[in-house]
Amino acid sequence: MLKNYIKTAWRNLWKGRIFNAMNVVGLSVAIACCTLLFLTVHYEFSYDRFHTNLKDIYQVYSVSHRPQGDDASTSMPVPFLPALKAEYPEVKYVSRSANSGVVVRYANKELDLDAHYVDEDFLKMFTFPLAKGNSSNVLSGLNNVVLTEEAAKSIFGNQEPIGKTILLKIEDKPASFMVTGVAKSIPSNSGILFDMLIRFENNSIYKDNINQWDNWTHLVFVQMKEDFDPSTFTRRMQPFTKKHFTRSIEALKSDGAKPDADGNVFSLHLAPFANNHFSVNMGGTEGSPVSKIYVISLLIVGCFILIIACINFINLSIARAFTRSREVGVRKTLGAGKWQLLTQFWIETVMVCLGATMLGVLLAGLTMPTFKAIFRSHITIGMLLQPAQLSGCIMLFALITVIAGFYPALIMIRYKTVSVLKGNMVAAKPGKLRNSLLVVQFSLSTLLTICTIITWQQIHYLQSKPLGYNKMEVLSIPTGYNEVGSNVLQIMRNKLGNDPAVLSVSGAYNNMGRGTDGSMRTSIQGFNYKGHEIRTHIERVDYDYLQTMDIKLLEGRDFSRTYSGDTTAIVINEAMAAKLGGKNLVGSFLPMNDDKKPAQIIGIVKNYNFRSLHEEIEPLTLTMNPEYSINYVYVKVKPASLVQTFDRIQKSWHAEFTNTEFRGSWLNENTERQYQGEKRLSGIFVSGAIIAIIISCIGLLAISIMIVMQRNKEIGIRKVLGASVTRIVFMLSGDFVKLVLLAAFIAFPVAWWLMDRWLQGFAYRIHLQWWVFAAAALLAMLVAFITISFQAIKAAVANPVKSLRSE
């Protein structure tokens, strides 16, 4: 019996191959898109889930209730960890965490690796299995080091690494370390990445800050005991904060801080490490956090495409069922029962869905490399075979086939056999459902179109807005870990001084934007000034910085070689000047460090966006204090020969620094890297909108075919009575265009709310404009009209005799 059903289904599918091809194409494209998007969402939510103790691990952060708003920070002072462990018995394990690059020397090899400074409890908290060594004591010695398998292979080749001594150059100071462990390869979905683990006491910040409670330098992670209630942490830590953070609390109170509901102006909190991957607003979290909005957008767009494809599939199935009305009537006349008809329709649907699924997965596999490159994803097709994904796919497959297979059959079964055989069918209720599904389809398509336009507008605004400095003709070069930054700067000055295309050379502690080294630093310092706490970003610069960057000087002067005291002087921006009172500041002194003499203000510069446009311009202080290193060399060149000059600078670098990779990039490239998330989001919306519109049009075409078939005699009568082709086309298209317009009006308020919420994440943003919504609606109506017109014109020019003659 089943064999007969399958043979009959195959004949019917082949007979209606055009309809079925439309079904398979629309559904397979949607399945391919959803496969890529849903696997990416699953991967993003899988971050750090491999840690055995994940539910008990937290990151400590502080909240300062400043007059201008709450300020959350994940940085902690060096003495915080031992004090917390001694005074808070609920803590089971605790570890500090800081990153920096180190130069590793062994035999004749010299490598740049990423070092993670941690405490002994680190490997007891986090699940990074060791291929060699014992996690309970592998970091017990101050000069112990744990390497990853990849790092060990790079350093030692096939030699046994355990017990070997390597030389590490940390902050220009070489020291010997013994390899006591080798960690297995770190999963790609880990928020903590490293090449080696070293005890925190070896970090350069440790000795100078061992008793400093007001210098915030690193992250702290804790693993609490199993019966711990995280909601009590802040309340129970109040005596601890009052005891150890007295100066910070007093500074906040003097600055007019607003206490929270518990009367605290400063408090400590715990953030679950399970949410670490999405903590983009915490600043200083491990890894490279991803906005949850981005991941949820992937999920929503995938759901939209799937819903549109399913609606499309149902409409196409209904349209196909009406073309087979006489077949159903004959079957009923010959005694076919309800379940036989349902089974026949369902088997045909299963075969179409199975073909579409196989084609969709194949298409996803073919497009996956491009998708991974664009969206920086690490997904694989093999992830579909995991139990959760596999069960979800089976349930979704069953749901689609049941709805799309049974519903058209139920419609046809309901009609009287005589009416079906004569072709006299009135599809009122199916028409209501069809129109409802059509409105949903185009509402989602219009919503995606509006989101596409607005995200593109915002990205264009971010790229074109003047930042207050020259980003087009300035090259940023990371100095690397092998060399002393100030020495690199001086060598490059000497080397490029005779190049006619080079206008000036300078250096700085922080980069502008995100360079090819992937680093983005920030350094904030607070001090008391006239009874108020002043917080300012600190940027270490060198001579010719303002000239190189084309930053406008408003008052005073730039740093100059003719003034020997300029290494202790400062230049501030307008925002910092406003914080200080804003009048007659040049020549005044600021007590920025308690243990050093006050710094003299020698100049005020115009505000410029030294951070991304997500943030307002904050107070900034430029200094030549040698305690801050030079990490980037800036080279300003003439605009006439950017490519040739870049090549010459690169050759000069390789000639001088043979062991350090050249990672130079233009500042406009650096600033654009800050908005990679927004670009990916825009790409998602563009792709989603195009696919959604195409699939919707396939469904609309099928519906128009069905309507023309149902109104075939009416069209013939109208033509006989003198109706023109244009009139008939507008008659058939008008109802659908009205439905699309209704769909657009439904999408408008949702799109406005979503995009307004998204734009709130930018300090500098566009304003939502009415024409964007009008354009999206017009586009949807135009696409719908063109799609319907093909079938409407075909019906309008047909010979009415064929449609009016009786069987």
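Visitor: What share of the contacts in the protein chain between residues at least 6 apart in sequence joins residues at least 24 apart?

Guide: In this predicted model, 79% of those contacts join residues at least 24 apart. The protein chain has 25 helices and 23 strands, and 51% of its 807 residues count as buried.

Visitor: Why is Ser-445 called buried?

Guide: Buried means under 20% relative accessible area. Ser-445 has a relative accessible area of 2%, so the residue is buried. Ser-445 is found in helix H15, residues 428-464. Beyond residues up to four places away in sequence, Ser-445 touches Ile-308, Ala-692, Ile-693 and Ser-696.

Visitor: How do you know whether Ser-652 is buried or exposed?

Guide: The relative accessibility of Ser-652 is 14%. The limit for a buried residue is under 20%, and therefore Ser-652 counts as buried. This serine is found in helix H19, residues 642-656. Apart from residues up to four places away in sequence, Ser-652 touches Lys-495 and Leu-496. The C-alpha atoms of Ser-652 and Leu-496 are separated by 8.0 Å, although the two residues are 156 apart along the chain.

Visitor: What makes the pair Asp-499 and Arg-648 a salt bridge?

Guide: A salt bridge requires a side-chain nitrogen of Lys or Arg within 4 Å of a carboxyl oxygen of Asp or Glu. For Asp-499 and Arg-648 the N to O distance is 3.1 Å, so the pair meets the criterion. Asp-499 lies in the loop between helix H16 (485-496) and strand E14 (502-508) and Arg-648 lies in helix H19, so the pair ties together parts that are 149 residues apart in sequence. Asp-499 is buried at 12% relative accessible area, whereas Arg-648 is partly exposed at 36%.

Visitor: Which parts does the salt bridge between Asp-121 and Lys-85 tie together?

Guide: The closest N and O atoms of Asp-121 and Lys-85 are 2.9 Å apart. Asp-121 lies in the loop between strand E5 (109-118) and helix H4 (122-125), and Lys-85 in helix H3 (residues 80-87), so parts 36 residues apart in sequence are tied together. Asp-121 counts as buried at 7% relative accessibility, while Lys-85 counts as partly exposed at 41%.

Visitor: How are helices H22 and H23 placed relative to one another?

Guide: Two packed helices are described by the distance and the angle between their axes. The axes of H22 (residues 712-720) and H23 (residues 725-759) come within 11 Å and cross at roughly 150°, in a right-handed crossing. Glu-714, Ile-715, Arg-718 and Lys-719 in H22 meet Ile-728, Met-731 and Leu-732 in H23.

Technical notes
Residues are numbered from 1 along each chain as its sequence is written. This is a predicted model: local features need pLDDT of at least 70, side-chain atom pairs count only at pLDDT 80 or more; totals for chains, interfaces and linings use all residues. Side-chain values use heavy atoms; hydrogens and water are left out. Helices (H or I, at least four residues) and strands (E, at least two) are DSSP runs, numbered from the N terminus. Buried means under 20% relative accessible area, exposed over 50%, partly exposed in between (1.4 Å probe, protein chains only). Contact means heavy atoms within 4.5 Å. Axes are lines fitted to C-alpha atoms, for helices over the stretch in contact, and angles run from 0 to 180 degrees between N-to-C directions. A crossing is left-handed if the near helix is turned anticlockwise from the far one by less than a right angle, and right-handed if clockwise.
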